[in-house]
Amino acid sequence: FLVSFQAILAFCWVYIRKYQSRQESEVISTITAICALAIALITSALLPVDIFLVSYMKYQNGTYKEWAASNVTRQQIEDTVLYGYYTLYSIILFCVFLWIPFVYFYYEEKDDDNVNKCSQVKNALKYTVGFIIVCAALLLIGAFVPLDAPANQNSTQWEKVQYLFEELGSSHGLAALSFSISSLTLIGMLAVITYTAYGMSVLPLNLIKGTRNVVYERLENTEDIEEVEHQIEKIKSKCTDGRPLSSRDRKSLHQLESKLQVLQRRERHLEVAEKTCCTKVCGALRPFKIVFGLFFILVAFLFTIALFISNLDKALHSAGINSGFIIFGTNLTNPLNELLLALQPVFPLDYVLITVITMYFVFTSMAGIRNMGIWFFWIRLYKIRPGRTRPQALLFLCMILLLIVLHTSYMIYSLAPQYVMYGSQKYLLQSKMPTLGAPQGNSTTDMTKTCDAEAPEDQCTITRTYLFLHKFWFFSTIYYFGNWAFIAVFLVGLVVSCCKGKKSVIEGEVEDDDSDISDDEFMHA
């Protein structure tokens, strides 16, 4: 566990440092981004641990192991996992509603040179109070939303209020936390639909298509420079006799000069890219990139098909919209669920696969955010570029990933519902077999079956993830329709990614709004 934790921290440090702006580096925002990204990755790893623990309690023949034979021991393990979820989710609440907003507004206030440190902290806290109020409101709503109706429907108003407080005390406030996390998961669902769905298509296709040839790209850029310089000389020749340029010509001249500066910066970057060893190494690794791209696109299609079958199963066999489309077991053959069940006999292939699936969602989300940038409806707020990303953008990136991780558990449950619910557990089913020697004509034999919804409650342990996801039925209903939106966005993103050409070898390094000073600093860094 310690090695995994150190590996996660190392990855987060490298990832944040790679995209962090070299001109606007800030210690507080860097530490915050690294910690938030690490929390997101650690939380995403909790689902495989949950599935592993409920599966590890039993042998493959369906009997409990000696150390898990007691109901008390199993309950203690389940509670430990549950408290692990609530601890990490509480940290996510703290990051989303307090830590990240405070650091974001603190850095925004730093842009004003006339503001001292005390004023920065004061103003940042002032804006952060709004997030704290929203968090408190969600906790209060979750605390007093009854999951079950009062037993006596004819009770007085005071008795109903008293019932609410009794429910709050019996759950130890965990329902309030569940409601708050589920509310954030809705926002995470929107991020998954926007970024993860697009990332699942753009990541493999970029690997397959590769980048443009740096020599040809530099040749085209040189031709563009010559053409723009010719147009500039043509406009300037109009005022050789002393006549001033018209307003239209002055505007065109300004646009051409700005375009020339961008092309000249591109020329410098292309020249460096042509000489670096990284370009040659990437060219040598081109076949491997194609293989990985084909593999990732097949995985994306597998996930989409599994998600479609799961949603179709819920539409046909669940109790309907008022139950949150909850379904017990699987009625339609789900390829991913069957694959995980088939890998159960070979330890630990099924746990490795579920871990890879979880990490796949996280990394495709990163790819989607990196290619799209950070948007608020139709307004583009920030770009994610290597060595050029502002601290505010990194904070937004980590907050989005935290929200995506919250929704990842439900996505994986939708992909493999039976496996996420029970893991690799089996149970013994007694069945009567006819025999000639028995007095009654039959005998009882034990058969081993994979745990499903028909299994006895004391024979199969449900993962804490499943119970957490279905605590509030109305959230499950919204998640169900979100899965359909996810499939639609993935297909649209696939078409868009196929229509796009190859990326430039210096993609994201040169933009129109970059200054020459920042460009020179970037080149020497």
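**Salt bridges, a nonpolar patch and model confidence**

Glu 220 comes out as partly exposed at 38% relative accessibility (buried is under 20% relative accessible area, exposed over 50%, partly exposed in between, with a 1.4 Å probe and protein chains only). Keep in mind that this is a predicted model, where local features need pLDDT of at least 70, side-chain atom pairs count only at pLDDT 80 or more, and totals for chains, interfaces and linings use all residues. Residues are numbered from 1 along each chain as its sequence is written, and side-chain values use heavy atoms, with hydrogens and water left out.

**Salt bridges**

- Side chains of opposite charge can pair when their charged atoms come close.
- The count here is four salt bridges, each being a side-chain nitrogen of Lys or Arg within 4 Å of a carboxyl oxygen of Asp or Glu.
- Glu 220 pairs up with Arg 212, with 2.3 Å between the closest N and O atoms; Arg 212 is partly exposed too, at a relative accessible area of 31%.
- Another of these bridges joins Arg 266 to Glu 217 at 2.9 Å, N to O.
- That pair links distant parts of the chain, 49 residues apart: Arg 266 sits in helix α9 (residues 247-275) and Glu 217 in helix α8 (residues 214-236). Helices are DSSP runs of H or I with at least four residues, strands are runs of E with at least two, and both are numbered from the N terminus.
- Both Arg 266 and Glu 217 are buried.
- Glu 267 and Arg 218 also meet in a salt bridge, at 2.8 Å from N to O.
- Since Glu 267 is in helix α9 and Arg 218 in helix α8, this pair ties together parts 49 residues apart in sequence.
- Glu 267 is buried at 16% relative accessibility, while Arg 218 is partly exposed at 23%.

**Nonpolar surface patch**

- Phe 376, Phe 377, Trp 378, Ile 379 and Leu 381 make up a nonpolar patch on the surface, together showing about 620 Å² of accessible area (Shrake-Rupley method, 1.4 Å probe; for residues, only the protein chains shown count as cover).
- Patch members have over 30% relative accessible area and no salt bridge; like charges are joined within 9 Å, nonpolar side chains (Val, Leu, Ile, Met, Phe, Trp, Tyr) within 5 Å.
- Phe 377 falls in the loop between β1 (374-376) and β2 (379-382), and is exposed at 65% relative accessible area.

**Confidence**

- Mean pLDDT (the predictor's confidence in each residue, from 0 to 100) is 78 for the protein, with 84% of its residues at 70 or more.
- Residues 149-154 have pLDDT below 50, and beyond near neighbours in sequence this stretch has three contacts in the model (heavy atoms within 4.5 Å).
- Residues 515-525 are also below 50, with 23 contacts beyond near neighbours in sequence.
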